[in-house]
Amino acid sequence: MNDNNQTHREKMKQVKADHLARVKQNKKSDRGLLMIHTGDGKGKSTAAFGTALRAIGWGHDVAIVQYVKGTWKTGEKEFFKLIPDLLRLEVMGQGFTWETQDRQRDIAAATKAWEVSCDIMNSGDYDLLVLDELNIVLRDGYLDVDMVRQGLLARHPRTTVIVTGRNAPNSLIKVADLVTSMEKVKHPFDAGIKAARGIDF
Ligand code: ATP
Ligand code: MG
């Protein structure tokens, strides 16, 4: 028992030393990161909003552009409306595409949203910009992927950008600093349970 304890202690000491050496080597990034939350599991947007909340806590300048779900009432939108001095919110979407059924209108909304996104990320006034569901707009061909990739790369170095949505294009994944793919293990929807207020929207 004691031997085991001793071995464990020595092993943990080594793990800690390795970790500290690694941390010491790593440097603070001198520019904002490009981050992507993708995959078919729940949590992509929630994690982005959580990061926004963290950044606001540090007094950072934060903006969120929502590309889809414009007409839906959501808990996050209601909350963001309460803190207009702490967060800039741009809701550009016109609702789900199968609700609008108007491709030209969707393209126009996406184009406008991208223009606003560029203004925000080029201004140098923001530490964090969340482009919620931008991947969906790209998947559906409403914006040119190459144009978006170039725009993201040309942003002001101060600004970290989080892009969310399923089916992130490979060319964005290639140039991103962080890519997390949410994996669905279970989702209540598959068991016939409705999306719920305060949990899903
Ligand atoms: P959330 O906003 O909850 O973080 P998300 O951003 O990862 O979810 P989206 O693809 O944007 O996921 O879908 C938004 C809505 O669809 C949410 O109500 C979410 O609960 C639901 N959803 C997410 N993943 C799944 C899934 N695998 N099956 C069914 N519904 C899902
Ligand atoms: Mg989402």
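Ring pairs join Phe49, Phe79 and Phe80 into a cluster. The model is predicted. Within this predicted model, 2 aromatic pairs are found. One of them is formed by Phe49 and Phe80. Their ring centres lie 5.5 Å apart, and the angle between the planes is 80 degrees. This geometry is edge-to-face, because planes over 60 degrees apart count as such. Phe49 belongs to helix α2, which spans residues 44-57. Phe80 belongs to helix α3. Phe49 is buried, at 12% relative accessibility. Phe80 is also buried, with a relative accessible area of 7%; the cut-off for this class is under 20%.

Helix α3 also carries a charged pair. Lys81 and Glu78 form a salt bridge, with 3.1 Å between the closest N and O atoms. Both residues lie in this helix, which covers residues 75-82. They are 3 residues apart, or about one turn of the helix. Their accessibilities fall into separate classes. Lys81 is exposed, because its relative accessibility of 54% is above the limit of 50%. Glu78 is partly exposed, with a relative accessible area of 30%.

The structure holds 8 of them. Asp127 and Arg158 form one, their closest N and O atoms being 2.9 Å apart. This pair links distant parts of the chain, 31 residues apart. Asp127 sits in the loop between α5 (103-123) and β4 (128-132). Arg158 sits in the loop between α7 (145-153) and β5 (160-164). Arg158 is partly exposed, at a relative accessible area of 32%. The pair is part of a network of salt bridges that links Asp61, Asp127 and Arg158. A further salt bridge brings together the side chains of Asp140 and Arg139, with an N to O distance of 3.0 Å. Asp140 is partly exposed, with a relative accessible area of 21%. Arg139 is likewise partly exposed, at 44%.

Strand β5 contains Thr160. A polar atom of the Thr160 side chain lies 3.0 Å from the backbone nitrogen of Leu33. Thr160 is buried, with a relative accessible area of 16%.

The surroundings of ligand 1 come next. The ligand is surrounded by 14 residues. The closest are Lys42, Lys44, Thr46, Glu133 and Asp200. By class, the shell comprises 8 charged, 5 polar and 1 nonpolar residues. Several polar contacts involve oxygen atoms of the ligand. An N or O atom in the side chain of Lys42 is 2.5 Å from an oxygen atom of ligand 1. A polar side-chain atom of Asp200 also lies 2.5 Å from a ligand oxygen. The backbone takes part as well: a polar backbone atom of Gly43 is 2.8 Å from an oxygen atom of ligand 1. On its own, ligand 1 has 570 Å² of accessible area, and the protein covers 83% of it.

Backbone angles set two residues apart for description. Most residues other than glycine have a negative phi. Glu133 has a positive phi, near 70 degrees, and is not a glycine. Glu133 is buried, at 10% relative accessibility. Asn167 has a positive phi as well, about 55 degrees, and is not a glycine either. Asn167 lies in the loop between β5 and α8 (170-175). With a relative accessibility of 47%, Asn167 counts as partly exposed.

Definitions and conventions. Residues numbered from 1 in each chain as written. Chains lettered and ligands numbered in written order. Heavy atoms only, no water. Near = heavy atom within 4 Å. Polar contact = N/O pair within 3.5 Å; in protein donor to acceptor, adjacent residues only side chain to side chain. Areas by Shrake-Rupley, 256 points an atom, 1.4 Å probe, with all protein chains shown as cover. Nonpolar A, V, L, I, M, F, W, Y, C, P; charged D, E, K, R; others polar. Salt bridge = Lys/Arg side-chain N within 4 Å of Asp/Glu carboxyl O. Helix = DSSP H or I, 4+ residues; strand = E, 2+ residues; numbered from the N terminus. Buried < 20%, exposed > 50% of the residue type's maximum accessible area, 1.4 Å probe, protein only. Phe/Tyr/Trp six-rings, centres within 6.5 Å; stacked < 30°, edge-to-face > 60°.
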